[in-house]
Each structure stands twice: as structure tokens, then as C-alpha cells.
Amino acid sequence: MSLRVILRERKSRALNPGTFGCLQGAFTINVTQGCGLSCTYCYARGYATAPPRGDVYLFINLPELLRKELDSNRRRWLPGMVIFNTATDCFQPHPDILEVTYQTMTILLERGIGISFLTKGFIPQRFIELFKGYRESVHAQIGLVSLSEGYWRTYEPGAVSPREKLENIERLLVGGIDTQVRIDPIIPFVSDTREEVEALFKALGQRGIRNASVSYLHLRPAIQRQLRAELPSLHWKVLESCFENQSWVEVGLSTKTKLLPKRVRENGYGRMKTSAQAHGISAVICRCKNPDLNGEICVPARVRKAIPGRFQGKQQLILFPC
Ligand code: SF4
């Protein structure tokens, strides 16, 4: 998939304070506006400010801006952790994007500030070497829903292959980096069959993954339009039939969301938890995307610790566009 990177000067702040729920107290950062991985289900692609598909605006001045912000604030505060990729992926395969990401992460880590990221891209080895120097400050999440080539080509054609995602996991774990897997969005009848689920958790368990979060696909109007336009018609028809009797409801920040029928999710999550447990993995149901189930907070312990006081009670967090 071709990626056109357009350089932009960022005018607003580099770090954005969270303004809702438990994101208050967290700081987020996005290296680009738009994401070249173009997953079919990505809600960030529907933002009014998102560039056209295939285009990405890279904030070329981000490291300089960040350095100034942190230095000018040094005496007053430093964030405990900065969360990357709430609306993009910092490991898109372009040298300029990777360079800005590397500089930005280095600035944070050198100042004792933790970083957390979710990615579906390939993590170059120089990042793993960087993280090794700051093992206590890095939390990695790999987005991996299925090992099947069919799922990859159909739903995440711009992401790296399942094999490369497993390689990311191996290299991170060998480097001693805290790593978990985000299995989201699970696609009914595609990635939630017994065979698919078993193959995935077996591969993860063998590589040493011990924690995963799971969540089924949900629809928002923009996601629905993308899926209808980009999926093969058979896939879209199956999905459409799964959601057809579901009402639009308010979930988290979104006022119009359709969840899969509760029974479908309960059965699927049951299969996943059983399979995960058999392979030594704790699978947590993402609560913010399943408000009608007994979900859990899928935010990793390390991130929770770095953002104190934000994860009690029923507060919800929606951090990632996938
Ligand atoms: S879901 Fe994540 S990786 Fe995929 S297009 Fe959106 S931001 Fe990029």
C-alpha cells in the first residue's frame, strides 16, 4: 500500500492532556495525523481532520516542540507516562515517521517519563535496543487478532503480517520489555472460531505472552461506511446480518455505537478465556467496549500505576482506534 508522507509543522502542543474519564492525568501523543495502515475498522479514519486514504501528515517538529514543552515545565510537572497512538500508529513503514518516533520516544525516556504504545506495524530493532535501556518505563501492546492470512489481507491490509507481529512479540520479550497483546476487533465468524482462537493463543503462549485484552468489533457510522465500502461483499453481508437487530447506543465517548448481540459476545469471550487459560494467558474483556458485560479494565498495570487515581470505580477508557 503506497504511503504519501506530507511534512507539517505542529502548531498546537505536543502532549495532549486527557480530558475525560480516567484519561485525565494521562498525556497522549500522535506522531502523525492520519495513519497509512488504513485498517478497515479504524474509527480514527472517520475524523473530520483525517487526511485522504494513503496520505499522512507527519509532525516534523514534534521532537523539538516536545523538548521545549518538557523543559519549560520541568519544575512544575512531568507526566508519569505518555501514551502513543490514540489516533495513529507510530511504526508506519516510512523512514521519516520512524525517525520522528525514535527522537520523540528518546526525549521522553531520557527524562524518566514512561511510554506506552499499541502497534500493528513492525518495530525496528533500534527501538528494541532503545527500550532495553529503559525496561521499567516501556509498555508495549501488539494488536494481533488472528494468525490467518485471510483476516490480515481483508481487515488490516496495511499492517504487517501475523508472522511479523509474532516476531515483534518475540524480540520485545527477549529484550525484557513488558508486552501484552490486544485482540481487537474480533470479527464474528472470521476470527472467533474455536480453531482460530486456539491457534492464536497457542502461538502467544509459546512465545511467553501472559496477558491479553479481548474485544469484539463494534460499529459506529463512519466504521460502518468504511467496512461496507472496503470489505468483500460476503464479509460485509455477514457483519451486517450480525448487527441488523442492534440499536445505536451510547458507549464511552461515542453517542452512536452498535454492539454485537450480548449472547454472541458472551459465547465468544468464553471460548477465548478458556483457550487463553489453557496456554497460561490471562485474557481480559475490555470493559469500555462491553459496558453491558462484566468486563475488566484492560489498561495494563504498568500504565495504571503511572497514572495514579484514575482507575477506580466504573471509569472507562478508550485509548486506541482499534
Ligand atoms: S486501527 Fe490503528 S493501525 Fe489501523 S489504521 Fe487505525 S490507527 Fe492505524
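Helix α6 and helix α9 (residues 262-278) pack at an angle of about 35 degrees, and their axes lie 9 Å apart. This crossing is right-handed. Helix α6 contributes R194, V197, E198 and F201 to the contact, and helix α9 contributes R271, M272, S275 and A276. By class, the contact of α6 with α9 holds four nonpolar residues, one polar residue and three charged ones. The model is predicted, and every value reported here is computed from it.

Two packed helices are described by the angle between their axes and the distance between the axes. For helix α5 (residues 162-174) and helix α6 (residues 194-207), the axes come within 10 Å and cross at roughly 25 degrees. Angles under 35 degrees count as roughly parallel, so α5 and α6 are roughly parallel to each other. Helix α5 passes α6 in a right-handed crossing. On the α5 side, the contact is made by L166, I169, E170 and L173. On the α6 side, it is made by A203, L204 and R207. The contact of α5 with α6 has five nonpolar residues, two charged residues and no polar ones.

These helices belong to a protein with ten helices and 13 strands. The chain has 322 residues, and 56% of them are buried. Contacts between residues at least 6 apart in sequence were also examined. Of these, 78% join residues at least 24 apart. The protein exposes about 13900 Å². Carbon and sulfur atoms supply 50% of that area.

Two buried helix residues were examined in detail. M105 lies in helix α2 (residues 95-110). Its relative accessible area is 0%, so M105 is buried. Beyond its neighbours within four places in sequence, M105 is in contact with F84, C90, F91, I115, F117, F127, L130 and F131. M105 and V82 are 23 residues apart in sequence, and their C-alpha atoms are 9.3 Å apart in space. Q226 lies in helix α7 (residues 221-230). Q226 has a relative accessible area of 10% and is buried, because buried means under 20%. Apart from neighbours within four places in sequence, Q226 is in contact with C39, T40, Y41, C42, R45, G46 and L231.

A cis peptide bond joins D184 and P185, with omega about 10 degrees. P185 is found in strand β9 (residues 178-186). F189 is in the loop between β9 and α6. This residue is not a glycine, yet F189 has a positive phi of about 70 degrees. F189 is exposed, with a relative accessible area of 61%. N85 also has a positive phi, near 75 degrees, and is a residue other than glycine. N85 sits in the loop between β6 (81-84) and α2. With a relative accessible area of 1%, N85 is buried. Thus N85 is buried, whereas F189 is exposed.

Key:
Residues are numbered from 1 along each chain as its sequence is written. This is a predicted model: local features need pLDDT of at least 70, side-chain atom pairs count only at pLDDT 80 or more; totals for chains, interfaces and linings use all residues. Side-chain values use heavy atoms; hydrogens and water are left out. Helices (H or I, at least four residues) and strands (E, at least two) are DSSP runs, numbered from the N terminus. Buried means under 20% relative accessible area, exposed over 50%, partly exposed in between (1.4 Å probe, protein chains only). Contact means heavy atoms within 4.5 Å. Accessible areas come from the Shrake-Rupley method with a 1.4 Å probe; for residues, only the protein chains shown count as cover. Axes are lines fitted to C-alpha atoms, for helices over the stretch in contact, and angles run from 0 to 180 degrees between N-to-C directions. Angles under 35 degrees count as roughly parallel, over 145 as roughly antiparallel, 65 to 115 as roughly perpendicular and the rest as oblique. A crossing is left-handed if the near helix is turned anticlockwise from the far one by less than a right angle, and right-handed if clockwise. Ala, Val, Leu, Ile, Met, Phe, Trp, Tyr, Cys and Pro count as nonpolar, Asp, Glu, Lys and Arg as charged, and the others, Gly among them, as polar.
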